[in-house]
Amino acid sequence: MKFYYDDDPVFGADSQLIPTETMPNVYGTVYNATTIDVYDLPWNTSAFHGTYYLFAVTYDSADPLANYLVSSVYTVEIDNVLPTVCQARVYGPYTGAISLYANVWDADSGIDYVEYWDGDPTNPNSTLLGMSFDASSSYSFAWATDPSGLDDGLHYIYARAYDEAGNYLDSTSFEINVYSHAPSEPIDPLYLIGGLMAGTMGDMTKDLIIFTLIGALVVFASVMTVMVWKSRKPSTLPSKSKAELSTKQPLDILKTRLAMGEITQDEYIQNKKLIEESDTSVDQTSTTKKAPPDPNKSIKKSAKKARKR
Ligand SMILES: [Ca+2]
Ligand SMILES: [Ca+2]
């Protein structure tokens with residue numbers, strides 16, 4: 001038995017004999033002689049890369065010219081080039097089950113799987129966290145950190161990508177600060193609600209909702225106040241005579257305006273006088289009560305006095 005390799009799928013003079021280093025005159029080794037003779041031959045392919053075609057040629061014992069038979073072609077893809085891309089990715093929060101990913105690429109045989117290491121994989125003290133064969137999830141792997149906090153602290157995560165031929169490439173480190181231990185203080189319920197709202201709607205939306213709620217409450221309260229005021233006005237106001245009402249209310253308003261600094265003391269006195277005068281005129285027309293002395297008369301009198309002088 002002799003084994004040949006070729007760079008095209010046709011056996012011929014260009015086919016190259018695969019040498020055997022240990023047994024120069026015996027090509028291959030019989031290891032199952034009971035049913036069919038099976039030969040194997042180790043082939044060191046470290047100097048090869050790419051697509052090759054293999055043939056086995058078997059000879060009978062005729063001497064001096066043996067009869068031979070050439071096998072059908074067998075195609076092999078030899079990959080002796082490392083993957084070209086391997087980047088570790090870790091997604092927060094760095095607590096509980098931490099999601100590890102890797103961006104990987106191998107142009108020859110393709111990526112087979114990815115290992116995740118806590119620490120440089122070339123360092124014997126580093127820990128293999130796990131591995132993933134799932135290309136569809138970017139070889140994601142969930143690292144379940146210790147809930148009691150044993151894994152808390154800084155970690156340097158590495159990915160090691162293997163191609164289908166077993167060549168591997170290590171990533172650079174991805175530094176993370178793990179925080180997995182249970183909180184010692186009780187959780188503030190407001191913080192919890194805030195967190196839930198932020199988690200479902202995002203901070204911007206949360207602020208907007210709170211703002212709208214406050215606005216709606218203010219409007220509602222204002223409307224209610226006006227309605228209550230309007231509804232109680234006729235029944236709760238003390239029953240007073242027209243004269244009392246006409247004087248009392250404007251005077252109260254005037255006092256309030258003075259107290260609030262909307263009018264000066266002089267303006268207050270002046271307006272008060274006017275109100276009292278108009279009140280008096282109401283009294284004169286509506287009642288038979290004797291009118292109080294008209295302040296205008298004294299003014300006129302003093303004016304006359306002034307003219308006399
Ligand atoms: Ca050929
Ligand atoms: Ca490769």
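In this predicted model, strand S1 (residues 2-6) and strand S5 (residues 50-59) run antiparallel and are held together by five bridges. Within that pairing, phenylalanine 3 sits opposite alanine 56 of S5. S1 also has strand S2 (residues 16-17) as a partner, again in the antiparallel sense, this time over two bridges. Here tyrosine 4 of the chain has leucine 17 in S2 as its bridge partner. As a general point, side chains in a regular strand alternate between the two faces of the sheet.

Of the 309 residues in the chain, 12% are buried. Contacts reach well along the sequence: taking those between residues at least 6 apart, 56% join residues at least 24 apart.

Turning to the helices, lysine 272 is found in helix H4, which spans residues 265-286. Leaving aside residues up to four places away in sequence, lysine 272 touches Leu251 and Leu254. For leucine 251, the C-alpha atom lies 6.6 Å from that of lysine 272, with the two residues 21 apart along the chain.

Technical notes
Residues numbered from 1 in each chain as written. Chains lettered and ligands numbered in written order. Predicted model: local features only at pLDDT ≥ 70, side-chain atom pairs only at ≥ 80, totals over all residues. Helix = DSSP H or I, 4+ residues; strand = E, 2+ residues; numbered from the N terminus. Contact = placed C-beta atoms within 7 Å. Pairing = 2+ DSSP bridges. Buried ≥ 20, exposed ≤ 12 C-beta atoms within 10 Å, placed from the backbone.
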